[in-house]
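Please keep the sequence and the model in view while reading.

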Amino acid sequence: MLALFVVFALFAPVITPYDALEQNIDGLLIPPSWMANGSISYLFGTDALGRDLFTRIIYGCRVTLGSAFITVVLAMLMGVSLGAFAGMLRGVRSSVANHLLDALMAIPTLLIAIIIVAILGTGLVNSMWAITLALIPQFVHHTRSFVRAEMKKEYIIASKLDGASKWQLFVHSILPNMTEMLVVQGTLALSIAVIDISALGFLNLGAQSPLPELGVILADGLDVTYLAPWNVAVPGMAIFFMVLSINIVGDGLRSALRKRVSH
Amino acid sequence: MTQILVRYCTLFILTLLVLAIISFSLAYLFPGDVLENLTGLVPQNEIQRAALEKQFKLDQSYVHQFFYYVSNLLTGDWGYSFTSGLPLRDEVGIAMPATIELATYAMLMALFIGIPMGYYAGIRCYSTSDYLINSASITIYSFPVFWFALLLILVFSLQMDVAPLSGRISLLYNIEPVSGFILLDILFADIENKSLALKDALSHLALPTFAIGAIATASMARITRRSVIDVRHRPYIAAAISRGLSSWQIFFRHILRNALLPILPLMAIQITTLITNAMIVETLFSWPGIGNWLIQAIYQRDYPALRIGMMAVSTLVITLTILVDLFNRVIDPSREKYERAAV
Amino acid sequence: MSYGLVKRLSLYLCTALVVASCAKQNKQAFYNTGIIYCSESNPVTFNPQLDTSSTTSDASSHQLYDRLLDFDPETGRIVPSLASSWLVTNDGLTYAFQLRKDVWFHSTDYFTPTRNFNADDVLFSIDRWRLTSHPYHYISGGRYPYFESIGLAQNIESVERVNGYRVEITLKRRDSSFLANLATDFAVILSEEYASQLSQAGSPSKIDELPVGTGPFKFESYRKDHFIKYRRHEDYWRLSLSSEDSENASEQTNTEITKEPENASTPASSSFQSNGGEYSAVEQLIFDITPRSSLRLAKLMTGECDATAFPAQTELEVIRAKEDLILAEKPGLNIGFWAFNTQRPPFNNPDVRRALAAAIDKNTLLEAVYFDSAIRAKTLLPAASWAFQNDADDTAYNPVLARKLLADAGIEPGFSMTIWAMPVERAYNPNATKMAELIQRYLRDVGVEATIVSYDWATFRRHLREGLHDSVLIGWSADNGDPDNFYRPLLSCGAIPSGTNRAMWCNPDYDKLINDALKTDDIEARKAIYRQVNRLLYERLPLVPIAHAYRYQAYRSELEGLTINPFGGVRFGGVEKTL
C-alpha cells in the first residue's frame, strides 16, 4: 500500500484527470461515484467550489507525503551530523549539551510550529521548517547514543590504533552500521511528520487553501460535512492509510532488524 | 541521592533559562515593531515612543532587558493579551488546568487500559489475541488525532446524540474556577444541583478524553507489548521456566517489574505527544485549554500571549519529563543510558 | 430469600427508579430555565447607538433595552413601546410623546435604580448623540453611525421635557421617516440616573460596557470570544402589561397622524401577546459566541444551543430535514452588493464601474453563494418594500462589453485591484470570501487581476471607513420599513463620515432626490421620486446590487415565541422553552 502512495506522489500530474485548482461552478458538491447521484467522471465527487476531490486527494498525497519526506531527510541530515559530533565529544560539555537537547526534545511539535508560524508566517514551507526542527532532537539523540556505544567497541579502537581520524572513523566504520537504525528512526519520523504536516494544514497554520494538502482538504470539507460527508471522510482516510502503511512497514523493518540482531 | 537531585535541579534551571532566552528573543523575532509587539500600543510621536521605551526598558541593553523580563515572570507580571486585554496570568491560569485535566484523564486511561492490554498481548505473543490487540493498536495509533476526534463527534454527538461536543460544561452553570479542574470546582461551588453539574461535566469530558486517550492507550499497549516480549526472551525467564516456576509466578516475580522499567523512560515522549494531541483536539471541541488559547492567539497574532503561552507549555512539559527522568533514575540507577523514543 | 427481603429490595428498586426519574425531570427543568443562543461574533459595545453592526444590535438592543416605539414584526406597523402614545402636529414638525409609567430599569450588582423611567431618560438618550456639547457625547468614541448617516441630529430643532412623562420633539423639516427611525434598534433609551452616577464616580464609559436598560434581560457577564450572560429582569414592564392596556395604547396612535398606514383595530400582535401577556420562566439567556457556522449548526443539533445565528446556505437543507429543528424563513429587507470606492481612481470613472459590473454573472453568484435562497437584485430595494420597482434596469453579463469599456477607459490588461470580503456571515451575504473568489475568476477573464483582502470584523470596518479599499463585498439590512433607510445611509453624502456609505459616493443630485422624497407623505409621489433615484443609480453604478436574501432563523423545536424580526435584531424577550 505504501508503494501505491509513493506512486501517487510521484506520478500525480500524469494520472489525474483534472486540474487540482480548477473550479467547476456547475458541479458543486457532486457525490462520489458509488453513491446515487454521483458520476464516474468525478470519482470521489467534488467539493464546495466544484473542484474534483479525486484529483485533489492525489495531489494532496503528493504534497503531504512529499513534504513529510523532505522534512525527515533534512532532519536526518542535520540530526545525524549534530549527533555524531556530540557523540564524539567528551566531558562536561557533551553531557550538558546532551541533557539540554534531551530536555528540548520534549517540547511539543505544535508549539514549535506555532512559534515559527508567528515569526515567519503561515505556509507549507514554514510548517516544514517547524517539523524539521522538532524532529532533529530525536535523530541527534539516537545518533549520539549509537555513536557512543560504538566508540567503545573493539573494532573502533582497532581503527583508532591504526591512526584513523575521527571523521574517517565516522564515515567508514560507524555510518554503515548505523543505516539500519536510521531507517527505523526514519520511518518513525515519517509517520510523525505526515500527521504533523496534515495537522498543521488542518489548523490553517501550515499549508494554506487552495493548496491541495490533505489536512487543508479536510479542513475545507468541514464546512459542508453534513451535506457532503465525503469531503471529510476521503481526505481523512487518505491520511489514515498513509500513516498506517508507513507504520506497518516500519514495524516490519523493526522486527526484521531485531531478528537479525538477536541471531 | 542528593547528587542526583542537585544534578537534575541544575538541569531544570538551565533548561528554563534557555527557554526564557528563547521566549525573550521572540519579541524581536516577531514581525513588526518591537514596541508594538510588546505593548500593543502604537506610539503617536517620538515623545511617546521615548516614554514608552523607557517604561518598558527598551532603551537598555539586552542583558538588562532580559533580567527585567525574568524578574517580571517570577513576580507574576506576565503582561496583557492583545485580543482580550485581560492579564495573561489570569488567562493562562484558566486555560492551563483545563488542558492538564484533560491530559491527566487521558493518561490515566492509557495507563490503566493500555498497559494491561500490552501485557496481555505480550504474554500471549504471536497468538491470535496478541495479533488482534496488536493490529487494533497499530490501527488506532495511525489515526490522525484530529480526524479521529471528528469521527467521534460525527458518530457520538451528531448521530447518536449521546455526548456534547463543545466546552467543559453547559454555560447555564456558573462555576467559580477555584482550582481550575472542573470536577473539583463543581464540588467546591455552591450551587444546588451538583450531581447534575457533575454529570454534565463528565459528559463533556467523555469525547475529548477518549479521542486523546485512545491513541495514547494504543501507543502504551504497543510499548508494553514490546517490552514484555523482550523480557520474555531473556535468559533468566528461560531459566525460571526450566526451574519449574508456574507462569503466574514468572509473571509476577519477573516479567511484571522488569517489563515495566523500560517503559517508564518512554513515558516522557508519551507525555509530549499527549499534550500535542490535547492541543489539537481542544480546537475541535472548543475546550478552553491552553492549546485552543494558543491557536486563537496565533490566528490573531497576539504576540505577548504567544510568548507567555510558549513559556508556560514548555515549562509544563519540561517539568513533567524531568520529573519522570528523576523518577527513573531513583528507581533504577543501573540504567546509564535510556531510550527516549517510542517503539 | 425471604419474602420480607424481596419486598425491601423491590421497594428500594422502586425508590431508585422514582428518584432517577425525578432526577431526569430535575435535569429537564433546570435546562429549561436557560436559553443558549449561538451568536457569530463579539459585540463591539453594549450600546447599539454607537454601532451599526447587527452583532452589536443582536446582543444589546432587544435584550437589554427598549425604544420609544417598536415595529410589529408581522405587520411592520409602528407600535408603542416606552411611548404609550403620540401626537403629531399638522405641519408634521412637532411630535409629542406620552411616556409609559411604571417602567423600571435593571437592578444589578453595579446599579440600583431609585426612580422609574421618565422624561429625563429620553432627553438623555437623544441628546447624547444629538448635541456635541452634551457631556456624554464623546464618551466611548463619539460616533453614532446610524444617526449620523441619516443626519437626524441636524434635523431636530429641539427636544423638550413638558412634564415628567411627556416629551416634545420639534423638527426643522418634515421627515416622514422620523417615527420609523425612532423605532430602529439604535434608538434605545438609556438610564440618566445611571449616567450621572457613573460620571460622578469618574467612569462614564462604563455606561456602554456595563449596560443598564429597561429590556427583558439584564447584563450579567461578558467574556470576549466566549459568552455573554444575561439574567431575567423581574420587573420588566411588559410582564405586568395586560392585553387591555395594549389595546388602549394602539388606539391612541391613530389620532392626528397624517401619514400612517391604516391601523386596524387589531392590537400590536407582537410575540409578547401571543402567550396572553404571560412571560417566560426563562431565568438566563446566554450568547455562546461561535464564529464558525458549521460548529453553530453542530451545537444546535446536539442541543448545546437552542437557537443559532446565520445558518450557512449549505446547512439549510440539513436543518429542514431534522425533526427537532425548525427553520423559519422570511423574505428579507436587505441587499447584498459590490461597492466601488468611488473616491479612488479609476473607480471614479462610471464607465470603469460599468465595465466591472458587466464582467460578472450575477446569476452564478446567486447560485453558488446563496444556493437559491436569494433573489437577484436590480436596485437597492427588495420586493418586501412598498417602494419596490419591478421593472428597474439591471446590468447584464457581458464580458465583451466589459473589455471594451475597460480598454476605452485606458485600463490595461493585468490591472490589479482589491476586493475586500467581509469575514463574517450576514443574511445579505453568507460567504463573501467565496463570492470574491468567483468574482476574481470573472475579472481574470477580462484581464483584471483581483486580490482578496480580509481582516477581523472590527478592523475590517475600521479600514473601510478610512477608505482603504478598492471595492468591497458587503450589504445592508434594513432597520425600518422606510425606503429612505436604504438610500440614505448607503449612498448619501452625509453618510460618508459615518462609514455606512461604502462606495464613498457623493452626488448632489442624488441627495436632492432623496431629500425631496422625505418632504411628502404621499406614497405614490415618493415612489415616483425613487424611480428617478434608481435610474440615476443605474447610470452611475457606485455599487452593483447583487441579491436580496431570505432571512432565516434556525432553532430547536422546544423554543416557542421566537420570530424573525425583519427590521432588526433577534429578540428573546417572550421566548419560552418547553419540554
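Across all chains, a search of the whole structure finds 33 salt bridges, a salt bridge being a side-chain nitrogen of Lys or Arg within 4 Å of a carboxyl oxygen of Asp or Glu. Side chains of opposite charge can pair when their charged atoms come close. This is a predicted model, in which local features need pLDDT of at least 70 and side-chain atom pairs count only at pLDDT 80 or more, while totals for chains, interfaces and linings use all residues. Residues are numbered from 1 along each chain as its sequence is written, chains are lettered from A and ligands numbered from 1 in the order in which they are written, and side-chain values use heavy atoms, with hydrogens and water left out.

Chain C contains 20 helices and 20 strands; helices (H or I, at least four residues) and strands (E, at least two) are DSSP runs numbered from the N terminus. Of its 579 residues, 60% count as buried, where buried means under 20% relative accessible area, exposed over 50%, and partly exposed in between (1.4 Å probe, protein chains only). Among the contacts in chain C with a separation of 6 or more, 72% are between residues 24 or more positions apart; contact means heavy atoms within 4.5 Å.

One charged pair in this chain is Arg238(C) and Asp70(C), whose closest N and O atoms are 3.2 Å apart in a salt bridge. Because Arg238(C) lies in the loop between strand 9 (227-232) and helix 9 (243-252) and Asp70(C) in strand 2, the pair ties together parts of chain C that are 168 residues apart in sequence. Both partners are buried: Arg238(C) has a relative accessible area of 9%, and Asp70(C) one of 5%.

The nearest side chain of opposite charge (Lys and Arg count as positive, Asp and Glu as negative; His and the chain ends are not counted) is that of Arg238(C), 4.2 Å away. The side chain of Asp66(C) makes polar contacts with the side chains of Tyr236(C), at 3.2 Å, and Trp237(C), at 2.8 Å. A polar contact is a pair of N or O atoms within 3.5 Å; within protein, one must be able to donate a hydrogen and the other to accept it, and residues adjacent in sequence count only if both atoms are side-chain atoms.

A further salt bridge joins the side chains of Arg344(C) and Asp470(C), at 3.0 Å from N to O. This pair links loops 126 residues apart, one between strand 13 (334-340) and helix 13 (350-359), the other between helix 17 (457-465) and strand 17 (471-477). Arg344(C) counts as partly exposed at 29% relative accessibility, whereas Asp470(C), at 10%, counts as buried.

In chain B, Ala214(B) is placed in helix 9 (residues 194-232) and, at 7% relative accessibility, counts as buried. Its C-alpha atom is separated by 8.0 Å from that of Met109(B), 105 residues away along the chain.

Helix 2 of chain A supplies the largest share of the patch, six residues. Phe69(A) lies in this helix and counts as exposed, at 51% relative accessibility.
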